[in-house]
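Hi,

Here's the structure I said I'd pass on.

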Amino acid sequence: MGARGAFEIGAQNIEPGSRRTVDLPVSVMSDHTPVTLSVHVVHGRRSGPTMFVSAAVHGDEVIGVEIVRRLLRTPGLDKLQGTLLAVPIVNAFGFMNHSRYLPDRRDLNRSFPGSAQGSLAARLANIFLQEIVVRSSVGIDLHSAAIHRTNLPQIRVSPGKPETMELATAFGAPFILTSGLREGSLRQAAAKNKIDILLYEAGEGLRFDENAVRTGVSGILRVMHHLGMISSRKVSKPKAPPIQSRTSYWQRAPAGGLLRTYKTIGEEVSKGTVLGIVADPFGDSETEIAADYGGLIIGRTNLPIINEGDGLFHIAKIAKADNAEATIGSLATQLEAEPLFDEDEII
């Protein structure tokens, strides 16, 4: 077998067995400050898959940034087989402004595949797709709920691909939701290029959540082990299989007012279960919010001040035989027993 070649990106060559952060030019801000798409390349000595891990496609979703930071501090990456492309902040404009969007108010995750001559969002999407995504065989895109909402740690996959579901199961998050591809999304653009993507959702925008971070780091390492990129030593298997669902719905506010919640993410509910109560500020009326269908709460609002029609609880329909709360509890206990601090030897 011949010697492995260098990985070329941004006019730089990363030799086998080395790692480097490469800044890909994106734009220049109005005050002449350059903006780049920064990717940390870990190019293993031995051949293997090329995997990208990305975060902050939405600039306010900071949990993924912390996941990538911890991933890059993992001991043993110098023995990597294959290549890891880690992009902790895709949307630097939104990240610096604590905003989900780009300066032109476009959503980057609705702007793929983009264009080199298009809007700012289109240009950034095009650079990320061409320089990172299409050069990979698989990717993990890290997200959280929007601000004032929170998500149970979960993987979202596209329907009809057993290989992607296999990777999602290996990740070991408590929940897997099969959901269709949205027009202009990174997942759709990757699918058109025959690249498998796992979308990880956990926690809340502009907030850290230790359980969500640890689940994300553990999951990425499990996928890397499943692909043969890292050794199996100290990469634990999940103690319980994830709960799966193909259907979910939002339970919406029947009226505006002040919300008092009785249920939260990770709890299983039956049809008719009272999830909370909406009351007007004067105490003249109270309206119960009952679940239209049974299932597992995988997301919810954190705001007590709501308007009629607001999405309050995101509920996924699950098989009656699934003991969802037991699965989630088992995986949470496993995370607590195997803390993932920066200095730990995980690999």
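Four strands make an open sheet, ordered E16-E15-E13-E18, with antiparallel pairing. On terms: helices (H or I, at least four residues) and strands (E, at least two) are DSSP runs numbered from the N terminus, and two strands pair if DSSP finds at least two bridges between them. The edges are strand E16 (286-290) and strand E18 (305-306), each of which pairs on one side only.

Before going further: this is a predicted model, in which local features need pLDDT of at least 70 and side-chain atom pairs count only at pLDDT 80 or more, while totals for chains, interfaces and linings use all residues. Residues are numbered from 1 along each chain as its sequence is written, and side-chain values use heavy atoms, with hydrogens and water left out.

Walking across the sheet, E15 and E16 run antiparallel and are joined by five bridges, with valine 278 opposite threonine 287 in E16. Their hairpin has six residues between the strands, and glycine 283 there takes a positive phi near 80 degrees. As for cover, five of the six residues of strand E15 (residues 274-279) are buried, where buried means under 20% relative accessible area, exposed over 50% and partly exposed in between (1.4 Å probe, protein chains only).

Now the helices. Helix H4 (residues 162-171) has Thr164, Met165, Leu167, Ala168, Ala170 and Phe171 buried. What do the buried residues of H4 pack against? The list is strand E7 (138-145), strand E8 (149-157), strand E9 (175-178), strand E10 (196-204), H6 and strand E11 (243-245), with contact meaning heavy atoms within 4.5 Å. Just after H4, glycine 172 has a positive phi of about 85 degrees.

H4 and H6 pack with their axes 7 Å apart, at an angle of about 130 degrees. That makes H4 oblique to H6. (Axes are lines fitted to C-alpha atoms, for helices over the stretch in contact, and angles run from 0 to 180 degrees between N-to-C directions; under 35 degrees counts as roughly parallel, over 145 as roughly antiparallel, 65 to 115 as roughly perpendicular and the rest as oblique.) Glu166, Leu167, Ala170 and Phe171 of H4 make the contact with Thr215, Gly216, Gly219, Ile220, Arg222, Val223 and His226 of H6.

H6 (residues 210-226) also meets helix H1 (residues 63-72): their axes come within 9 Å and cross at roughly 50 degrees, so H1 and H6 are oblique too. From H1, the residues involved are Ile63, Glu66, Ile67, Arg70 and Leu71, and among those they meet in H6 are Val213, Val217, Ile220, Leu221 and Met224.

Is aspartate 78 buried or exposed? Aspartate 78 is exposed, at a relative accessible area of 52%. Its C-alpha atom is separated by 55 Å from that of glycine 257, 179 residues apart along the chain.

Cheers
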